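Keep the sequence and the model open as you read.

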Amino acid sequence: MTQKTWAFLGGKQVPDEDAKVGVKTHALHYGTAVFEGIRGNWNERLGKVSIFRLKEHYERLLRGCKILRIELPYSADDLCKITTDLLEKNGFAQDVYIRPLAFKGQELVANLNLNTLDDEFVLVIIPFGAYIDNSRPLRCQTSSWRRPMDSSMPTGVKISGLYTTSILAKTEAIAAGFDEAILLNQDGSVSEGSGENLFMIRDGVISTPGETDNCLLGITRDSVIQLAKDQLGLDVVQRHIHRSELYLADEVFLTGTAAHLTAVGELDNRAIGSGETGPITKQLQDLYFSTVVGDNDNYSDWCTMVTPSGG
Ligand SMILES: Cc1ncc(COP(=O)(O)O)c(C=O)c1O
């Protein structure tokens, strides 16, 4: 028998099969929605799911709502509680992906004025394993698609319509036999992966594109910056990065909630360093994985531990 699963829609928990919206929904036609991707990591030793940096995800969601003029009747704390209650109710004793979506729910398609559209919120939770195979370094391709400038589309938050670019880039990379795409900015500097931030290590210095490089301000990115500084004594420099610097880097890695922390072994058929996971990447990977499951006592406040009850 398959277990009954639950979503949150219209202010209450409902069976997944009843969490539906109509075909005229504005967000379906125009991408007028803001979402988050949050991971719950199963900790076998503790018998709990560790939700990584839950409140920070909702703070970013609410920043996106502000830009898209979506008004939710919930604070970040309310959204955290809605999430932990739903996770408990679903009873998943495994890794999960938590997907809240704040959207323009009005059933009117021909209206481009955000101010006159109704707002809705839905939350779903699904069992989730690896998004990308991070047991080996990735083979990446510089995409022919460029990351939009913030002046065309707000890039620091997760607005649904923005993801068309990521989807085109990822699809192109996979079709060409690569694992992942690296997107450049309009000026040719490096922005990020299709769903990950990018870090480069050269001569022991870690660099990553900054906020004005049109990348998403990733929560994993922020965690890695803090872990590198506090646990390894390494500052991360935020600056413009040229494409060719990546070819000459000792190590490159990608970070994201879905992709975790994954080494890049090759870019455009050129090996990065030795082509293997480099020593600093490996150290950060180990720290990151122990932290997200709630096993790094220095960062236990980053993890919301939930015991699955079910029913
Ligand atoms: C375009 C993009 N960049 C970077 C990231 C990484 O962000 P985070 O670490 O908050 O998941 C994501 C993932 O959500 C993303 O979609």
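I38 has I98 of strand 6 as its bridge partner. The model is predicted: local features need pLDDT of at least 70, side-chain atom pairs count only at pLDDT 80 or more, and totals for chains, interfaces and linings use all residues. Residues are numbered from 1 along each chain as its sequence is written.

**Strand pairing**
- Helices (H or I, at least four residues) and strands (E, at least two) are DSSP runs, numbered from the N terminus.
- Two strands pair if DSSP finds at least two bridges between them.
- Strand 4 (residues 38–43) runs antiparallel to strand 6 (residues 96–104), and three bridges join them.
- Strand 4 is also joined to strand 5 (residues 48–52), again antiparallel, by four bridges.
- G40 stands opposite I51 of strand 5.
- Four residues lie between the strands in the hairpin of strand 4 and strand 5, where G47 takes a positive phi near 65 degrees.

**Domains**
- The protein chain divides into domain 1 (6–127) and domain 2 (138–292), with bounds from an automatic or database domain assignment.
- Their C-alpha centres lie 26 Å apart.

**Where the domains touch**
- In domain 1, 21 residues are in contact with eleven residues of domain 2 (C-beta atoms, placed from the backbone, within 7 Å).
- Elements giving two or more residues to this side of domain 1 are helix 1 (26–30), strand 3 (33–35), strand 4, strand 5 and helix 2 (54–67).
- Helix 2 gives the most, with six residues.

Definitions and conventions
Two residues are in contact if their C-beta atoms, placed from the backbone, lie within 7 Å.
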